[in-house]
Amino acid sequence: MQDVVLFDELTTGDGHRIAIATLNAEKSLNALTLDMIQLLDARLTIWERDEGIVAVVLRGAGERAFCAGGDVRGLREKLVSEPHYPNPHAVAFFTEEYTLDYRIHRYKKPLIVWGGGIVMGGGLGLMAGASHRVATPATRIAMPEITIGLYPDVGGSWFLQRMPAHLGLFLALTGAPLNAHDALIANLADHVLATDAYPALLEALQAANWGDDAHARPALVSALLNQLEGQLGDALPASNVERNLLAVHRLMNRGDLAAVAAALNETAFEDPWLADAAKSFRHGSPTSAAVSWEILNRSKHMSLAEALRMELALSINFCARSDFPEGVRALLVDKDRNPRWSRQLSDIDQAWVDGHFESPWREADHPLAGLK
């Protein structure tokens with residue numbers, strides 16, 4: 001049986017070690033399973049405590065994707081076959097995934113994510129919290145959960161807030177894709193390296209003088225990445241976000257979701273990126289749109305831990321309703337791309353939205369109560 005996550009360590013010239021974790025499910029674009037999450041979380045914990053490890057690199061197998069998200073097809077099968085509330089498989093998957101995401105955000109050593117190729121959903125959850133986030137000209141980032149009746153989780157309620165000009169709300173409502181240049185503007189990447197620069201990165205990490213001051217090591221990694229980034233030249237792709245940021249702000253800054261929906265539905269966009277985004281909104285789950293709007297209102301002043309606890313309740317409740325299994329069916333199982341959503345936007349009231357936020361646990365019993 002194939003190892004779903006590969007682990008390796010490289011010795012540096014001054015006797016330290018660089019740790020490497022590779023998501024190893026190339027056929028599924030390295031989509032995260034519970035086994036992968038648990039293996040990665042356990043090894044990151046070990047490496048964080050190991051004084052000989054000076055930095056960690058996380059990447060995906062193959063050239064096509066770092067990670068295309070969570071294994072939602074597998075999760076849907078569990079939901080359909082065992083319709084319990086709260087569903088134990090969903091609780092286990094999302095609890096472990098958000099625990100891993102939180103660990104990455106709080107990691108005490110330089111953690112470099114090589115975000116080449118497709119980075120979607122749960123893959124962005126791994127990348128967003130890393131200390132050093134590397135994109136390439138081949139990077140394609142998206143949070144397309146609205147197309148499967150879910151919402152941008154894995155900390156999205158926290159990091160989407162930290163984007164300029166209501167861009168996070170726009171991405172949540174439309175699932176619009178981002179390239180490497182966009183990712184820099186959206187605060188989802190720190191460096192853009194050439195697509196074939198990964199071996200050079202490892203070589204630079206091994207050749208570096210790491211010294212004994214752990215506090216100096218993040219800056220050392222940044223300097224190495226900046227040096228490699230300079231070799232890219234002018235190869236950055238044109239940015240859709242930069243070209244449309246003011247338009248995005250005006251679209252999203254309309255006070256309520258009904259007005260935003262009207263603008264997305266009725267505007268004849270000349271820019272193809274905006275036109276495709278509006279089309280995705282029109283075909284996406286209205287419940288996902290309404291809940292995503294509410295999420296970003298509620299989470300403005302939340303800590304990361306509070307946001308992830310909120311997201312766990314949301315994810316369990318989305319799993320208990322029909323839009324998520326139906327959206328996965330239409331896009332990934334039957335592939336008819338014709339989801340039958342449970343409600344239209346005009347049918348959604350505040351009680352329906354609020355019900356998605358109701359936690360099945362008391363505060364002290366919450367599976368993520370330990371996050372601080």
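Modeller: The sheet is open and is formed by six strands in the order β1-β2-β3-β5-β7-β9, with mixed pairing. Its edge strands are β1 and β9 (191-192), each of which pairs on one side only. The model is predicted, so local features need pLDDT of at least 70 and side-chain atom pairs count only at pLDDT 80 or more, while totals for chains, interfaces and linings use all residues. Residues are numbered from 1 along each chain as its sequence is written, and side-chain values use heavy atoms, with hydrogens and water left out. Strands (E, at least two residues) and helices (H or I, at least four) are DSSP runs numbered from the N terminus, and two strands pair if DSSP finds at least two bridges between them.

Val113 has Arg133 in β7 as its bridge partner.

UniProt, in an unreviewed entry, places the feature "domain: Enoyl-CoA hydratase/isomerase" at residues 19-357. UniProt positions are given in the numbering used here, feature names are shortened, and annotations may be inferred rather than shown by experiment. Over residues 19-357 the chain is 51% helix and 10% strand, with the end C-alpha atoms 39 Å apart.

Next, the pockets. On a 1 Å grid over the protein atoms alone, a pocket is an open set of points where a 1.4 Å probe fits, with protein on both sides within 12 Å along at least five of seven lines; lining residues have an atom within 4 Å of a point. Grid points are joined across faces, edges and corners, and a volume is the space filled by probe spheres set on the points. The largest pocket has a volume of about 1,300 Å³. It is lined by 49 residues, of which Met120, Pro144, Ile148, Leu331 and Leu332 are the closest to its centre. Elements giving two or more residues to this lining include α3 (88-105), β6 (118-120) and α15 (323-333). The largest share, six residues, comes from α12. The lining divides into 25 nonpolar, 13 polar and 11 charged residues, where Ala, Val, Leu, Ile, Met, Phe, Trp, Tyr, Cys and Pro count as nonpolar, Asp, Glu, Lys and Arg as charged, and the others, Gly among them, as polar.

The second largest pocket has a volume of about 290 Å³. Among its 14 lining residues, Gln161, His166, Leu169, Leu296 and Lys300 lie nearest its centre. Both α6 (167-174) and α13 (286-298) supply at least two residues of this lining, and the largest share, three residues, comes from α13. By class, the lining holds six nonpolar, six polar and two charged residues.

Last, the cysteines. With a disulfide taken as a pair of cysteine sulfur atoms within 2.5 Å, the count comes to zero. Cys67 is in no disulfide, and the nearest cysteine sulfur, that of Cys319, is 17 Å away. Cys67 counts as buried at 0% relative accessibility, buried meaning under 20% relative accessible area (1.4 Å probe, protein chains only), with exposed over 50% and partly exposed in between. Cys319 is also buried, with a relative accessible area of 8%.
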